[in-house]
Amino acid sequence: MTPKNTAVAELIQKYEPSITNRSKRVASIELSEWTAEEVKGVMDQLVPREKKNGSDEPCGPEFNQLNTGWKAKLMIRFLIWSILGSVTMFLLPIQIGAAIYLLLHGRLSAIWHELPKPTALLFDQLTRVDAYVKAPMSLVKKSIERVEALCVNRKGKFMLRKHGYAVLSHVWGETMGWTTEDSWGPVELGLRKKGLAYTHFEKFFRRCDAEWLWVDVLAMPEVYEDMSTTEKANIETLRTGIINCLHAVYRRADKVVCLDSLLLRLQSGSIVDVAVILSLGRWINRLWPFTETKLAKRVVLKTEDATFDLDEIITFFYETVNNEDHRYFHIFARLAPMRPVPSGFRNWLGYLARPGTYGPEVFREIYHGCENRLCDVEIDQARALFPVLGLEWISGWTLQQGLHHIADAYHDDKEFLLKYCEYRGIRHDIQ
């Protein structure tokens with residue numbers, strides 16, 4: 001790293017101490033032509049992180065443990081019904097007076113349909129305090145059989161859909177993880193088995209602007225630590241079935257909504273600011289988001305107070321960057337492989353895209369688009385590519401079996417698959 005790059009990396013770490021490695025890489029590549037003062041102007045637009053125990057992420061869980069004590073449960077229910085009873089008694093005289101007025105004016109319909117609404121709304125809100133959202137296993141299985149998206153609405157109701165829904169794209173560690181003083185990991189097992197706490201679930205809907213939402217942690221059953229070997233195998237088979245539906249799920253969705261925790265703290269109307277913060281976030285450094293964005297009709301990026309279209313951001317860079325020495329070029333090169341080349345523009349990666357076709361282009365896009373993208377499960381280095389390539393994964397396959405299947409399906413286009421393996425340090429015996 002040059003002294004200028006080092007200064008930029010150190011500046012970024014002052015704002016976000018937890019992204020040391022990413023700050024060094026981005027300072028050396030995407031922001032290699034930027035000064036520390038210019039980067040500071042962008043970082044100053046971040047809303048300070050709220051300091052609290054557990055998850056301090058904008059869409060993280062509210063609590064980590066499921067209090068199973070009967071006294072705690074009784075107290076919660078007593079509090080809910082006490083509040084409901086008190087407010088109902090307060091509203092009752094008002095509602096009686098309103099009912100008499102409406103009756104005298106012949107508005108009988110309003111008595112039945114309008115007067116109960118405040119009490120019903122309060123009851124709905126209070127009961128959600130202790131509510132959880134979890135997909136019925138019967139619908140999970142039907143979603144695989146029908147190759148449809150198992151979606152959920154804001155009330156926690158599930159439905160199989162082929163259109164009219166959005167896909168939530170997120171980083172599991174940001175939205176589902178929990179931090180203690182000396183470790184990090186998932187929330188307590190008992191809590192995960194109940195599903196998503198409604199207070200947590202609602203954070204997604206507040207930001208996604210959709211009536212129906214496909215959420216992987218709800219649509220795809222989890223393999224729990226205390227399951228038997230047979231139970232784990234059965235759940236893994238279901239998960240594989242859903243993975244084989246992802247090509248259709250992502251293609252049919254109206255949009256994919258990116259909830260990156262760092263980006264959700266940005267207050268700026270600048271496309272360039274969004275691109276810089278996106279390059280520093282975890283979302284763009286994960287492998288599965290490449291698959292989601294590559295297949296999506298539209299990709300929406302959410303900030304603290306605005307919404308941006310990824311295609312519009314990339315088009316801006318196509319129109320602005322005129323050579324590889326441009327200061328935005330490396331930011332542009334990071335984003336461009338995620339989406340189709342806009343009409344009328346030549347791909348800066350040195351080839352013309354042919355929309356709607358599989359062939360050498362898609363492997364080049366995979367190679368460039370998956371640079372500096374990580375995954376926690378080894379087989380996902382192959383499995384995450386299957387929806388993009390239109391292939392089906394077989395439950396129980398190893399990473400090597402998955403790579404061989406790709407090589408067999410695209411026998412004439414192995415050059416970039418081999419480069420992909422070399423770049424990621426994957427040992428293989430593909431000839």
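This is a predicted model: local features need pLDDT of at least 70, side-chain atom pairs count only at pLDDT 80 or more; totals for chains, interfaces and linings use all residues.

Guide: Residues are numbered from 1 along each chain as its sequence is written, and side-chain values use heavy atoms, with hydrogens and water left out.

Visitor: Why is Y420 called buried?

Guide: Buried means under 20% relative accessible area, exposed over 50%, and partly exposed in between, with a 1.4 Å probe and protein chains only. Y420 has 2% relative accessibility, so Y420 counts as buried.

Visitor: Where does Y420 lie, and with which residues is Y420 in contact?

Guide: Y420 belongs to helix α22, residues 415-424. Helices are DSSP runs of H or I with at least four residues, numbered from the N terminus. Contact means heavy atoms within 4.5 Å; leaving aside neighbours within four places in sequence, the contacts of Y420 are L287, I366, Y367, C370, Q381, L385 and I426. Y367 stands 53 residues from Y420 along the chain, with 5.4 Å between their C-alpha atoms.

Visitor: Which residues of helix α3 are buried, and what puts them on the same side?

Guide: In α3, residues 36-43, the residues V39, V42 and M43 are buried. They cover an arc of only 95 degrees around the axis, which puts them on the same side of α3; the arc is that of the directions from the helix axis to the C-beta atoms. Their cover includes α1 (3-15) and α14 (271-280).

Visitor: Why is the pair of F329 and F332 called edge-to-face?

Guide: Rings of Phe, Tyr and Trp (its six-membered ring) pair if their centres lie within 6.5 Å; planes under 30 degrees apart count as stacked, over 60 as edge-to-face and the rest as tilted. By this rule there are 14 aromatic pairs. For F329 and F332 the centres are 6.5 Å apart and the planes stand at 75 degrees, so the pair is edge-to-face. Both residues lie in helix α17 (residues 329-335), three residues apart, about one turn of the helix. F386 and W393 also form an edge-to-face pair, at 5.0 Å centre to centre and 75 degrees between the planes.

Visitor: What makes K419 count as lying over the face of F416?

Guide: A charge sits over a ring if NZ of Lys or CZ of Arg is within 6 Å of the ring centre and within 35 degrees of the ring normal. K419 lies over the face of F416, at 4.7 Å from the ring centre.

How values were computed: Helices (H or I, at least four residues) and strands (E, at least two) are DSSP runs, numbered from the N terminus.
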